[in-house]
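Keep the view open beside you as you read.

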4 protein chains.
Amino acid sequence: MLSFFSRIPSFHPESRLLIIWEALIVLVTLYNCFTIPFRIAFNATIYKNWFLLDNLADLILIIDIFLRFHISYTKEGELIKDKAEISIHYRKTDFKSNLIASLPLDIFVYLFLPQASLILMGLCRIPRLLRFPQCFLIFRKWDNNVYFNSGVVRMFELFIIVFLIDHWVACLWFFIGNLTGQSGESWLQGDNLHLENTTTQYLYSLYWSITTLTTVGYGDITPQNNIELIFTFMVMFLGVSLYAFVIGNVVAVISNLDASKNRFRDKLGQVQAYMWERKIPPSLQKNILDYYQYMWEYNRDVTLDFYFLDELPHSIKTRVYCYLYQELLEKVPIFQDAEPCFIEDLVIKLKPRILPPHDYVIREDQMGHEMYFVKRGQLQAFSEKTGKVYSLLVAGSFFGEIALLYDSRRTASVKTLTYCELFVLYKEDFDKVLNNYPQFSEKVKKIADQRHQVRE
Amino acid sequence: MLSFFSRIPSFHPESRLLIIWEALIVLVTLYNCFTIPFRIAFNATIYKNWFLLDNLADLILIIDIFLRFHISYTKEGELIKDKAEISIHYRKTDFKSNLIASLPLDIFVYLFLPQASLILMGLCRIPRLLRFPQCFLIFRKWDNNVYFNSGVVRMFELFIIVFLIDHWVACLWFFIGNLTGQSGESWLQGDNLHLENTTTQYLYSLYWSITTLTTVGYGDITPQNNIELIFTFMVMFLGVSLYAFVIGNVVAVISNLDASKNRFRDKLGQVQAYMWERKIPPSLQKNILDYYQYMWEYNRDVTLDFYFLDELPHSIKTRVYCYLYQELLEKVPIFQDAEPCFIEDLVIKLKPRILPPHDYVIREDQMGHEMYFVKRGQLQAFSEKTGKVYSLLVAGSFFGEIALLYDSRRTASVKTLTYCELFVLYKEDFDKVLNNYPQFSEKVKKIADQRHQVRE
Amino acid sequence: MLSFFSRIPSFHPESRLLIIWEALIVLVTLYNCFTIPFRIAFNATIYKNWFLLDNLADLILIIDIFLRFHISYTKEGELIKDKAEISIHYRKTDFKSNLIASLPLDIFVYLFLPQASLILMGLCRIPRLLRFPQCFLIFRKWDNNVYFNSGVVRMFELFIIVFLIDHWVACLWFFIGNLTGQSGESWLQGDNLHLENTTTQYLYSLYWSITTLTTVGYGDITPQNNIELIFTFMVMFLGVSLYAFVIGNVVAVISNLDASKNRFRDKLGQVQAYMWERKIPPSLQKNILDYYQYMWEYNRDVTLDFYFLDELPHSIKTRVYCYLYQELLEKVPIFQDAEPCFIEDLVIKLKPRILPPHDYVIREDQMGHEMYFVKRGQLQAFSEKTGKVYSLLVAGSFFGEIALLYDSRRTASVKTLTYCELFVLYKEDFDKVLNNYPQFSEKVKKIADQRHQVRE
Amino acid sequence: MLSFFSRIPSFHPESRLLIIWEALIVLVTLYNCFTIPFRIAFNATIYKNWFLLDNLADLILIIDIFLRFHISYTKEGELIKDKAEISIHYRKTDFKSNLIASLPLDIFVYLFLPQASLILMGLCRIPRLLRFPQCFLIFRKWDNNVYFNSGVVRMFELFIIVFLIDHWVACLWFFIGNLTGQSGESWLQGDNLHLENTTTQYLYSLYWSITTLTTVGYGDITPQNNIELIFTFMVMFLGVSLYAFVIGNVVAVISNLDASKNRFRDKLGQVQAYMWERKIPPSLQKNILDYYQYMWEYNRDVTLDFYFLDELPHSIKTRVYCYLYQELLEKVPIFQDAEPCFIEDLVIKLKPRILPPHDYVIREDQMGHEMYFVKRGQLQAFSEKTGKVYSLLVAGSFFGEIALLYDSRRTASVKTLTYCELFVLYKEDFDKVLNNYPQFSEKVKKIADQRHQVRE
């Protein structure tokens, strides 16, 4: 048996299977948190029908103890996979509480004390609640998992907390009403609820609990004695705190939800205030707003994106850039014989540039120090002197490549016709990369010399 | 018919006409979301009077289906205008649900089953509600439109959601009351509401719904049976969530509303704390606070504005600067013969500077490397040695232009008399621009030599 | 008369007197907003006693119209003081509405129609409410005033809004109850309130209004007919919106209140998480936390402060620095003969440095490029080789001044004994300033040469 | 006596003992704030039993006055320990109010006017409440203490405020009910509460107070006369303000709680939006997300941490770095004979670098300018040409050390096998440090020459 277990490989703490198992543990724990207080408070006779379910829940908790000897854990950022170390770590931390939480006391009571009251059997299951804090650890872990939506996890957690608190308050409220009702007036006598069946009693308890915690306060069920009064105070206090906590969390989630849009809106607001104050003419205002609309809608403010790419480690960054832009580079004749490595090194030097319609990219006769690749949009190469249109440049085109080889004046102007997304490759970046590839560098120089001579 | 449609040009997804049409679709959908549940719940006999309005609403939805084959959509940031592609895209996405939502089942029922109950006819219109999610897509689109105020769109959306939920809860509450009232006690029996007319019944249902959802909870209408109890729980839960959601959104809107002022206030708070702690004398404190007041009131903290201008693409930036400052430059004698291009290139090199009263801009005998343009305020040029005032400089004036031509010591001090907004042009920026205009450069050099010789 | 007014100087829009006058206008407007709806709703017979007060209020509003021709306004950031321009500007904007708001219609009614009902006289005063939006403009102006606490202004505004809405809802509630009570059942019949005196009626109306708007909802006064039901809906909706608005504002005010502390706490939290994770030894942790405690308590994170000083215009910055540090510099022998200008230029080059106890400032035998001034704390100059203590340096001391004159190795180590606040003056900054003072520069060089020769 | 006190050393305002004493003062003040209004309102006969406790509380307040002459205070950031100065400072500030708050008037009344009513004795203790503002100063001080969790302090303060306000409102409500009940109807008559014992009366008062302040509003106790109505208004207003205040604080605490996680989530959200829009292939997306997951989980976004270290003063930074990384450096053969000082100077030049699996650190034949230390993870040194694996590098290893001695091409490629945390030491940093240690520098040069010759 033990040798079988020792042969099981250790699980990664973030494997998908484990997440499902954790969900099961959460479910079982919530089941216990729901049924145990209910049975004690209402002395419920439904117990026997749920016997199977109870035992199934217990079985899952017991299996979890065995399983936990096989789940790696992280120590100072390193994943510990060694079984012996896992065992020591688990025994030091949760093992004892998990063991106590799984003791099947109720089965013993059921077997040896068949006459025991239902309340006693309910009490026997109380240790199960020791598992409750574990739920929050699991929620915390899910919340930290980048694959999960943090907002959803938090809202789910909030819902569980609110629902359980409502339920527990309802159980306690009935318990107090029942207890004080035996020696005086209680809220149960009000509507003759002490004569109703358990379902109705529970529903009315829950009704009062939710009515009070949500601060609706219909006032059809009110405390009738001092103990109930004190309990009501505490519930109302709890209600306000819970409310503030719920609102606090919802506010945090909502304000994080669209943090990036809010920043954009904030910037836009400043831009608008500026334009309004400086009395910028409406047509120019429209141009500026259109530009921001374009930036936001098609690029979610591209400046942020490229900032993020810079942060990634080199290997991942290269792969992202290659996926996105390699195609653009491979079309350029002078790069066609280059090694793949060279293209990879070059691709991460590309810099994005977004241009509105009718903007000049390069101008005739000015010195050029960079070449351009067209990712999106249309441009026009033409002569400013004669007005002659040389060519239309669309997605996948490139221009100005001669500037990479030798310093020269531009032979044509290039103007955008639509919104364009270009990538720029600067000569100095190109030269830096070229230095690492001496063979290819030789070749490029030859081409440059040839062209230059031809030109002169 | 089809050929007619194919001749219609495709609409831009942000054209003004389309926004009006979308508003109409939202209106029709809200009409359906309001009337359909109402009729089913209240078995309302007002049906026939509204027949025309219903059919008009249906007609609009059907027209929308045809129209949607002519609205461009964006794919990876590019606008797709091709009819065939639009058609494929629409058929793949919303077409089916839109078609189902527009099936005129109720007309068939009306024509072929004239004896059918009103509820059945209400049920036939339920598919119309499939259009509801589209409303939120439209709201989202409006929210992303830079021409619309994001806060207003969001508040409007919030209002619609809250109102519809209130209405639906009211309908459901009456439906449940009516159903359970047939076989026992329900809330409707409480005030003999089951004998009242539909209007009163609806108003009381809505009254309870709003009372509960807003957590006011008067308690004059309370649940009377278990089904009503359970429904009440859910409504109260919904109420709290709705409340938290409303507050969360309002908080987000308010805190975004004056984000720029808050940042300013935050800075001011730090400045005040600093001055208070360092025991800066009151008169100096007043100077500093006045400066900040001036900065905020007349420039909304100008540093932010100029940061924004830097971000704009070159062509737009040039147009903004030209609009704002070209006039200032054209007054300078040495620039008067320059090409317009030169002025454009120069104008975006201007740097703003805000100065408080009695601050020195340049001082006699110190080396000068920049010239100044006065945008606003008054300054005084004078000799520090003799105290003689040479001239008063007002908006539109400029000074220090010789520093652009050759390195020289200032011949006078210039001091601000009021709060001033100046623009600085540095020699190095001027030289950079001059390099691109060899002809004009020659001319400037000549002038410089002449003046220099004269001076020596 | 007119010539008298024209001789009045124009008021600055932020003068203290004007703020008091604006406060008076706000008071008068609130008085009108309170009494006018009250009289109309309650048909109050208290009218005649308040006659004098009404006329006083009207008088103030009329004076305000005259006054406003003498208040400067700002246009594109410039203050317009010219009477003619002010007059044109005022006539174009608020003049008409102010005039209508001040028409003494009620006096005419009182004089010519002495039999007119009180309601009619109340209605005559309704135009006074046109002044209400002006209140918000005044609040907005106060909110932008750097001398006022933005949070207090906002909370005051919020209080006014909430109180007026409560009052107006109460007036409307009574009005509706009174109207519908004449032809059926209304809430007034409930407690026989229609027979009570006006005070009690008003208090009960206000009681219901506040109970509903605050969502307390006792439920002892509930709507009794359809019109009241609909009004109740609207009030509950308003209540929720108001609540969300109040909370939104309070959240904004609180989160701005201690924005600078929150940033500090956030940083501290990260520091603690880092130390905890890297298992930094407790004693070192204590050192780090003590350092942050010191930084926060005595300097509010000094880095922020110096950032703010950099932003100020040169003249103000110089004055702040001179006030704070001039004394330190003037003690240094080599600066004692310098011109005041020189000290001023030097003082803004000082850079702050906070050091914890037992930290080395300079070390024996290492090259020195800067001198130090002690602002606070105690340091020790000693020899690391022999351990001999040369001197104790306290607030006002300086050391390392030779490094400003020529490159040399430090002759002693200096160590902090307590937390110290030092100012550093770098040689390059010193040289830069010296260049502008050729005479003093000569002198300094001479001293340097002498000392250097002595040393060699 | 006085000489004894003067011999007591002065206490540091943040010493642990003082914090305990402050907690005691808070406790005593809260005790007074609770009992004094209670006794006055309820004319409580429990007075005599609490006599001892009252006098103990008074004694503590008197001792505090003496103690406060011995607590240092800070003035302009400097700690003033001088007894005379402390005495002057204390007498100028709180001394008088503290003295008045401690006057044992009630003892005199008790001794000389034994027949005096209990209310009078309650009134005599009212000056004790002057100590209340001090509580908030103490809370503020705790809140600023970096060793205390700001959120916990704030929540505790909030709880105290809410509880005391509830209590005071309850006392006032009973007081008003009692007063108005003597000459008419009051809320006390409603349930015959004026005949109940004090405990029940207090509980019902508190019940109403909490029900109203939390906006639950059951409505079983409602105001019965005009004075009670007006009081109810004020309480409801207070309730809403309190609610908004509580929510505002909770929102602030929650949003500060995980500010660093929110920033991370915000960045992640942008990254995901970018990847989704650019259609990055899923496998690459997974790599990127895994990288962020690793960064977050094991390093809490390490970039922030290293930013914080840079801010620390030099001596503390050195100690942190030495603790963390000294071990790594001391293993390197060429550093083994170095002075400890040298290692210390070198250690703070280390730069962290996190790499994902399968990323190249150095590549064969490329020029090397830095050496690496492995903090965590596994790497492989191998030849790219032959594919031969030279060695496996684990935590504690280092490589590329030759690059520190002379410029050379790398002799092998190094690739990560797992996530790795490396530290880089650049040649230029190494050289800078070496300059300060001429002796060791000589030695290093010799080693370099030897190796270089060997290699050639």
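**A guided tour**

The contact between chains A and B takes 53 residues from chain A and 43 residues from chain B, where two residues count as in contact if their C-beta atoms, placed from the backbone, lie within 7 Å. On the side of chain A that touches chain B, the elements giving two or more residues are helices H11 (198–213), H12 (226–257), H13 (259–277) and H14 (282–299) and strand E3 (351–355) of chain A. Helices (H or I, at least four residues) and strands (E, at least two) are DSSP runs, numbered from the N terminus. H14(A) gives the most to this side, with eleven residues. By class, the side of chain A that touches chain B has 29 nonpolar, 16 polar and eight charged residues. Here Ala, Val, Leu, Ile, Met, Phe, Trp, Tyr, Cys and Pro count as nonpolar, Asp, Glu, Lys and Arg as charged, and the others, Gly among them, as polar.

A word on conventions: this is a predicted model, in which local features need pLDDT of at least 70, side-chain atom pairs count only at pLDDT 80 or more, and totals for chains, interfaces and linings use all residues. Residues are numbered from 1 along each chain as its sequence is written, while chains are lettered from A and ligands numbered from 1 in the order in which they are written.

How are the two copies related? Chain A can be laid on chain B with an RMSD of 0.1 Å by a turn of 90 degrees and a shift of 0.0 Å along the axis, the copies being superposed by least squares on the C-alpha atoms of residues with pLDDT of at least 70 in both. The two copies are thus related as by a four-fold rotation axis. Only 9% of the interface residues of chain A are also interface residues in chain B, so the copies meet through different surfaces.

Now turn to the helices of chain A. The unreviewed UniProt entry annotates residues 20–38, 50–71, 107–130, 151–176 and 229–257 of chain A as "transmembrane region"; such annotations may be inferred rather than shown by experiment, and their positions are given in the numbering used here, with feature names shortened. Residues 20–38 of chain A are 100% helix and 0% strand, with end C-alpha atoms 27 Å apart. For residues 229–257 of chain A, also 100% helix and 0% strand, the end C-alpha atoms lie 41 Å apart.

Helix H2 (residues 16–42) and helix H8 (residues 132–144) of chain A have axes that come within 9 Å and cross at roughly 145 degrees. Axes are lines fitted to C-alpha atoms, for helices over the stretch in contact, and angles run from 0 to 180 degrees between N-to-C directions. Among the residues making this contact are A:Ile25 and A:Cys33 of H2(A) and A:Phe132 and A:Ile138 of H8(A).

Finally, look at the strands. The unreviewed UniProt entry places "domain: Cyclic nucleotide-binding" on residues 334–434 of chain A, a span that is 16% helix and 41% strand. In chain A, four bridges join the antiparallel strands E7 (residues 379–382) and E8 (residues 389–393); two strands pair if DSSP finds at least two bridges between them. A:Gln380 stands opposite A:Leu392 in E8(A). E7(A) and E8(A) form a hairpin with six residues between them, and A:Gly387 in the turn has a positive phi of about 80 degrees.
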